[in-house]
Amino acid sequence: MVQVGQPIAIIETGGSASPKTEAPATAAAPAEKAAAVSHAAPQIVAAADDEKSDKFLSPLVKSIAKTESISNTELDSIQGTGSNGRITKDDILSYVASGRHSIADVAAPEKAAAPAPAPKVEVKAAPAQSAPVPSLSGGDEIVEMDRMRKLIADHMVMSKKVSPHVSSFVEADVTNMVLWRERVKDKFLQAYGEKLTYTPILIEAIARAIREMPGINCQVVDDNKILYKKNINIGMAAALPSGNLIVPVIKNADQLNLAGLTKSVNDLANRARKNALKPDEIQGGTYTVSNVGTFGNVFGTPIINQPQAAILALGAIKKKPAVIETPTGDVIGIRHFMFLSHSYDHRVIDGALGGSFIRRVADFLENFDINRDI
């Protein structure tokens, strides 16, 4: 176990170069400065004097201190703004810019005394990397992403970089739910003026499971703190006519009955398709549901909607032959099944909680009361 802030490795660059050999202090040409900095900075690991600083210093801060001849005594006097008072790059650059020191060329570190002159090392700038050029044919077309697609792309890439995604899958027998909805949907429409789809029934089960397992309803803040949300605000990913996605949010979903959930789901979905949602109706979500079954998909691996910690994908409902246990023995019958796909942030949700949660949602659906009132 390594304490936070303690180094876990020291990386030396230079390949076959001897540890005792240092590159000469030759100034890099302007075109080669960027490459020289990346090669020179890791070599500068000591502060300007022999005394050790009481503060933890990153290699970059040590590099700048060495280049600017800042002693460890001076470093101890700098007020750090990082975690636990650490000195960040901005802190030490602000100290240098204040007039105490002038900024030196980091690409040319001081040459330490050596028993013999080191061999000359030529540092060449690395070739600039660029995205591979796509192969185009006569019928191809390049189209600029619209603003919403750019935002979605950035958000998805950021989520995969930030959260280590883990997925759990459960196949649920939802026959009772399907039979109940078929029996009451016309009566429900007459009573409430709303079409009863599967989505509000599923969201009702999810909200109940979150209430029983509130650890799912959380966010990571400040890199190492967990914020547990008291309100259960469920976002539902909705496809727009443009092909983009938007996630309207049902606030306090656990406090709504099935009629209230149905009204909220239908209203938000209709206004989403018309681009008529208000800003506060797409904010404040604590958990997200994506209904991939709408497109005939049986399951999916959804990407977490940051800063939330989990997301559930609902697959298409399919009829399958299944073994049914009866008091007189097992029989084969036709049942309705659907897959539930749960992606969660492994920094704060382990497999025990993530897997137990999706199993609990499935339990609610499988034990649906077929004699339930509307």
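**A close look at the rings**

Reply: Tyrosine 192 is partly exposed, with a relative accessible area of 36%. Phenylalanine 188 is another matter: its relative accessibility is 0%, so it counts as buried. Buried here means under 20%. Both residues belong to helix 6, which covers residues 175–192. They sit four residues apart there, and that separates them by about one helical turn. Keep in mind that this is a predicted model.

How many aromatic pairs does the structure hold? There are five. One of them joins phenylalanine 169 and phenylalanine 299. Phenylalanine 169 is partly exposed, at 41% relative accessible area. Phenylalanine 299 is partly exposed too, at 42%.

Now return to helix 6. The ring centres of phenylalanine 188 and tyrosine 192 are 4.8 Å apart. Their planes stand at 50°, so this pair is tilted. Planes over 60 degrees apart would count as edge-to-face, and those under 30 as stacked.

Together with Phe339 they form one aromatic cluster.

Arginine 208 places its charged end over the ring of phenylalanine 364, 3.8 Å from the ring centre. Arginine 372 does likewise with tryptophan 180, where the distance to the ring centre is 5.6 Å.

Arginine turns up again in the salt bridges. A search of the whole structure finds 15 of these. Side chains of opposite charge can pair when their charged atoms come close. In helix 9 (residues 351–366), arginine 359 and aspartate 363 lie four residues apart, about one turn of the helix. Their side chains form a salt bridge, 3.1 Å from N to O. Arginine 359 has a further partner, glutamate 366, and the closest N and O atoms of that salt bridge are also 3.1 Å apart. Aspartate 363 is partly exposed at 22%. Glutamate 366 is partly exposed at 28%. The links extend beyond these residues: Glu212, Arg359, Arg360, Asp363 and Glu366 make up a network of salt bridges.

Another bridge joins arginine 347 to aspartate 345, with 2.7 Å between the closest N and O atoms. Aspartate 345 is buried, at 1%.

What about the interior? In soluble globular proteins, nonpolar side chains tend to be buried together. The largest nonpolar core here has 55 residues. Those with the most contacts inside it are Ile206, Ile234, Tyr287, Leu340 and Phe357. Helix 7 (residues 198–212) supplies the largest share of this core, eight residues. A second, separate core has 10 residues, among them Leu57, Ile70, Leu75 and Ile78.

Which residues does isoleucine 78 touch, leaving aside neighbours within four places in sequence? They are Lys55, Ile87, Asp91 and Tyr95. Isoleucine 92 is 14 residues away from isoleucine 78 along the chain, and their C-alpha atoms are separated by 7.7 Å.

Finally, step back to the whole chain. It has nine helices and 10 strands. Of its 374 residues, 35% count as buried. Among contacts with a separation of 6 or more, 63% are between residues 24 or more positions apart. The chain exposes about 22,800 Å², and carbon and sulfur atoms supply 54% of that area.

Technical notes. Residues are numbered from 1 along each chain as its sequence is written. This is a predicted model: local features need pLDDT of at least 70, side-chain atom pairs count only at pLDDT 80 or more; totals for chains, interfaces and linings use all residues. Side-chain values use heavy atoms; hydrogens and water are left out. Contact means heavy atoms within 4.5 Å. A nonpolar core is a set of buried Ala, Val, Leu, Ile, Met, Phe, Trp, Tyr and Cys residues joined through side-chain atoms within 4.5 Å. Buried means under 20% relative accessible area, exposed over 50%, partly exposed in between (1.4 Å probe, protein chains only). Helices (H or I, at least four residues) and strands (E, at least two) are DSSP runs, numbered from the N terminus. A salt bridge is a side-chain nitrogen of Lys or Arg within 4 Å of a carboxyl oxygen of Asp or Glu. Rings of Phe, Tyr and Trp (its six-membered ring) pair if their centres lie within 6.5 Å; planes under 30 degrees apart count as stacked, over 60 as edge-to-face and the rest as tilted. A charge sits over a ring if NZ of Lys or CZ of Arg is within 6 Å of the ring centre and within 35 degrees of the ring normal. Accessible areas come from the Shrake-Rupley method with a 1.4 Å probe; for residues, only the protein chains shown count as cover.
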